[in-house]
Amino acid sequence: MAVLLVFASLVTALGPAGAQPADPVVVAAGDISPDPFRPDLGGLDDLDTAALVEAISPDRVAPLGDNQYEYGRLKAFQHPEGYVASWGRQAIYDLSCPVAGNHEYLNTPGANGFHTFFGPRLSACAAPGGRPDLGYYAYDLGTWRVYALNSDCGRRGTSPSCASDSAQVKWLQADLAANPRPCTLAYWHHPRWAQSAFPDDPNVQYFWNALNQARADLVLVAHEHTYARLTSMTWDGKVAARGKGIRQITVGTGGRSIKPFTKPARVGTRDRDDQHFGVVKVTLRAGSWASAFHRTDGVVADPASASCW
């Protein structure tokens, strides 16, 4: 409990409220720390991706879920060879605004380990409104509005629903209407548009639809243990007309494992990588964004940029 008490005692000055950087940088990845109690299931690549985060020195870190394998238990997060040793380092933790994945809910009702470990950060990240205690909230970063959503979608009965009439979706719709911005970023764990072993996820369709109607720009996801960037897409998974639609970047390359693609690239794919661990760096400018995939072998791949929709 010593590590937890240190974190719980922090009053960070780096939360989203207050002065905002002119062109803030977000670093994101999911599927991060192998299970310290099952070293046979994965390596130590989360240490290398954590080093990338520190080298980039972002304004915000977005852990995209499945942050601690296999079951997201508090004792795994706190283990000297668990999350606390990599992305849980103080300098990274103090910048983190996380979301949960399915592994946070496996055999851990209510993602209790996730919420206990990240409790101080969830409180610091969330603007008024939302339910950080249920894993969804919003904040401002530079000129952008940012949404962190819970895409477990009630699959294990202890996560909030993502149905069209759910409290989470109604809150998202209301917050988008109450907080219009020229540029909007959202992130959660499960891809709306999949590339590999997993199918497109209809559970998050109402997130996508609400964001699409509000002309959001970027969605960051994980779950698939690969990197993939799509061009702007419509609400039904087609390539959008030029200058319209949301772009999805999948970054499930945080350290747990890499899983090769099993399907051809889907329509709209602009780049994908099933060979390297890494993180995505996204610069949020006034009216535009830029991104690149920073790999643990030192290569900065797939540079991209676009104006906001």
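Contacts, burial and strand pairing in a predicted model

User: How do you know which contacts in the protein chain join residues at least 24 apart in sequence, and what share are they?
Analyst: In this predicted model, contact means heavy atoms within 4.5 Å. Among the contacts between residues at least 6 apart in sequence, 73% join residues at least 24 apart.

User: What makes a residue count as buried, and how many of the 309 do?
Analyst: The cut-off is under 20% relative accessible area. By that cut-off, 58% of the 309 residues count as buried. The accessible surface of the protein chain comes to about 11,600 Å², with 54% of it belonging to carbon and sulfur atoms.

User: Why are β1 and β2 called paired?
Analyst: Two strands pair if DSSP finds at least two bridges between them. Strand β1 (residues 25-29) is joined to β2 by four bridges, so the pair meets the definition. The two strands run parallel, and Val 27 has Val 61 in β2 as its bridge partner.

User: Which way do the residues of β2 point, and are they buried or exposed?
Analyst: Arg 60 and Ala 62 point one way from the strand, Val 61 and Pro 63 the other way, and all are buried.

Notes: Residues numbered from 1 in each chain as written. Predicted model: local features only at pLDDT ≥ 70, side-chain atom pairs only at ≥ 80, totals over all residues. Heavy atoms only, no water. Buried < 20%, exposed > 50% of the residue type's maximum accessible area, 1.4 Å probe, protein only. Areas by Shrake-Rupley, 256 points an atom, 1.4 Å probe, with all protein chains shown as cover.
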